[in-house]
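Look over the model before reading on.

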Amino acid sequence: MNIEIKKSYDELSRFAALEIKKLIDEKPNCVLGLATGSTPIGLYKELVKLHKEGEIDFSKITTFNLDEYRGLDGDHNQSYRYFMDDNLFNHINIDKNNTFVPNGVAQDVDDECKKYEELMEEKGGVDIQVLGIGVNGHIGFNEPNKHLYMDTHIEDLTDETISSNLRFFSSREEMPTQAITMGIGSIMKAKRIILLISGKNKADIVAKLFSGKITTELPASILQIHNNCTVVLDEEAASLLNK
Ligand code: F6R
């Protein structure tokens, strides 16, 4: 894994946006793998800014999101489809028909997962996958467990993830307990991965991530064997790493 430590969240976001711009300059019809959550919001702001300045044309871009809550449809203001429209897609010249987020209310979940996986293949695979990390080490919604799944699948959210994401919902009853998520195999197939980690509350998991072990109890640890993965940290997230 390549490590980039940036002074601030803004610098981290700018760095990631410029890496994506570089890819789009080289390959205007590339496929981006995208994440939601608090971490990539700054990246999306930078991408919108670069687009408004005439620096990025998204017209030929295809995107695949990592995950979606089970039970929320795209109109729900906490769904990841809504998040992506609100934070990025509504502000750039992307064709929304080329933006894919798992369907959280699909009747046949297994079929939805299978089709999502097939569609990624059909579009040529993901060129850059943007990731965040959960405080428990999850990537996508691949939660710590005895085993991890290869492909897109349905996952039960752990209590830790539910507590951590509860901040976006008005009550625990409203918070979904399952999600459809790309699997570890789907993520590892990306040609390049950029893992963004910001803030003091991620410093512990960052220290564990760089302890040199790979374990399904820390799903992000598998990224250590990806041949083109960049971890971008701000100073707070990197604060418990040995210099
Ligand atoms: C979101 C996702 C999650 C988040 C992670 C960190 O699509 O797949 O793995 O990246 O939970 O979330 P934040 O950035 O809110 O700390």
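Q: How many Å separate an oxygen atom of the ligand from a polar backbone atom of Ser38?
A: The model is predicted: local features need pLDDT of at least 70, side-chain atom pairs 80 or more, while totals for chains, interfaces and linings use all residues. Numbering runs from 1 along each chain as its sequence is written, and side-chain values use heavy atoms, without hydrogens or water. A polar contact is a pair of N or O atoms within 3.5 Å. For Ser38 and the ligand oxygen, the distance is 2.8 Å.

Q: How many residues surround the ligand?
A: A residue counts if one of its heavy atoms lies within 4 Å. The closest are Thr39, Asp67, His138, Gly140 and Lys202. The shell divides into 3 nonpolar, 8 polar (Gly among them) and 3 charged (Asp, Glu, Lys, Arg) residues. The total is 14.

Q: Which helix gives the most to the lining of the largest pocket?
A: The ligand sits in this pocket. Its lining has 39 residues, with Thr36, Gly37, Ser38, Asn165 and Arg167 nearest the centre. Strand E4 (67-69), helix H3 (80-87) and helix H5 (159-165) each supply at least two. The top contributor, with 5 residues, is H3.

Technical notes:
Polar contact = N/O pair within 3.5 Å; in protein donor to acceptor, adjacent residues only side chain to side chain. 1 Å grid on protein atoms, 1.4 Å probe; cavity = no way out; pocket = protein on both sides within 12 Å on 5 of 7 lines; lining within 4 Å. Sits in = over half its atoms within 2 Å of the grid points. Helix = DSSP H or I, 4+ residues; strand = E, 2+ residues; numbered from the N terminus.
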